[in-house]
Amino acid sequence: MTTSSRPATGEHLISIGRQQVRIRVFGETGGKAILFLHGWGCSADTMSGLASSLGPGFYVVLPDFPGFGKTPPPTQAWDVSDYGTFVMQLKEKVFGNDIIAVLAHSFGARVMLKLLAAPEYAGAFGQILLTGGAGMKPKRSWRYYYRTALAKVLKTPFQLLPAALREQGLSRLRKTAVWRSLGSSEYSQLSGVMREIFVKTVREYLEPCLPEIEHEVLLVWGLNDDATPLYQAERMEKGLKKGVLIKIESAGHYAFLDKPQQFAAIAKAYFESK
């Protein structure tokens, strides 16, 4: 794909297979190509301020992942690999064979770790900046194990029923206050296929991917991140062959919103360095 055929600045609906996808585009069509990938529960809009602040010389594309923003959910429950396939299809649609840079947050970073560890996909990407990246196994408190054990106890009687009655009973159980209190706030707000996707993705830990990644990866983390705490960034840096961690004070999981000027300066300097 030539730069002249790249989507122009603005908002577009494009087709990826049978999926209608909303993208936002910032910058100059001839600028350095960067793909932004947002986090869970967010959309392209969440990162649009950062995209616009990079200024001339960049061409930034921000999609809404399927199931987020203005892009409909997939018809089946995707896992991290399925979202990776989507990213590759979108990359080919928008950027063609160009090698592109990526800035990914949280869930988007989870997807990128999986792609970068796959030799058949890794060559499509150049510079990588991850912030608040998900995918590392969290430290668990006793409350977590208590809730997990209680959930299993509550489900056990229904497992003994015939299939039809079992699903009917489990459906009623999931609507009870006791069951809702056992799940995370994100899980309880979801339904249908997106709830299944959430379970599939958060249960996949990506530590095994780290040593397979040959790319230099810049990690930019808020010191006060309570969703993907700093110890996870440090574990990620240690596991990567070429990981570099930059910490931003007085910033949390959305460091690019908490410290927009500082974050934009770091991102711009990094992407301009090559």
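**Close-up 1. The largest nonpolar core.** The largest nonpolar core of this predicted model has 55 residues, a nonpolar core being a set of buried Ala, Val, Leu, Ile, Met, Phe, Trp, Tyr and Cys residues joined through side-chain atoms within 4.5 Å. Met 112, Phe 125 and Leu 130 have the most contacts inside this core. Helix α2 gives the most to the core, with eight residues; helices (H or I, at least four residues) and strands (E, at least two) are DSSP runs, numbered from the N terminus. Leaving aside neighbours within four places in sequence, Met 112 is in contact (heavy atoms within 4.5 Å) with Leu 37, Val 102, Ala 104, Phe 125, Ile 128 and Leu 130. A second, separate core of 26 residues includes Leu 50, Ala 51, Leu 54 and Ala 267.

The model is predicted, so local features need pLDDT of at least 70 and side-chain atom pairs count only at pLDDT 80 or more, while totals for chains, interfaces and linings use all residues. Residues are numbered from 1 along each chain as its sequence is written, and side-chain values use heavy atoms, with hydrogens and water left out.

**Close-up 2. Helices α2 and α3.** The axes of α2 (residues 80-95) and α3 (residues 107-116) come within 9 Å and cross at roughly 85 degrees. Axes are lines fitted to C-alpha atoms, for helices over the stretch in contact, and angles run from 0 to 180 degrees between N-to-C directions. The two helices are therefore roughly perpendicular to each other, the term for angles of 65 to 115 degrees. On the α2 side the contact is made by Val 80, Ser 81, Tyr 83, Gly 84, Val 87 and Met 88, and on the α3 side by Phe 107, Arg 110, Val 111, Lys 114 and Leu 115.

**Close-up 3. Ala 109 in helix α3.** Ala 109 is found in α3 and is buried, with a relative accessible area of 0%; buried means under 20% relative accessible area (1.4 Å probe, protein chains only). Ala 109 and Ala 134 are 25 residues apart in sequence, yet 6.3 Å apart in space, C-alpha to C-alpha. Beyond neighbours within four places in sequence, Ala 109 is in contact with Ala 104, Leu 130, Gly 133 and Ala 134.

**Close-up 4. Thr 228 in a loop.** Thr 228 lies in the loop between β7 (216-222) and α10 (230-239), and at 5% relative accessibility Thr 228 counts as buried. Neighbours within four places in sequence aside, Thr 228 is in contact with Gly 132, Gly 133, Ala 134, Trp 221 and His 253.

Conventions: Angles under 35 degrees count as roughly parallel, over 145 as roughly antiparallel, 65 to 115 as roughly perpendicular and the rest as oblique. Buried means under 20% relative accessible area, exposed over 50%, partly exposed in between (1.4 Å probe, protein chains only).
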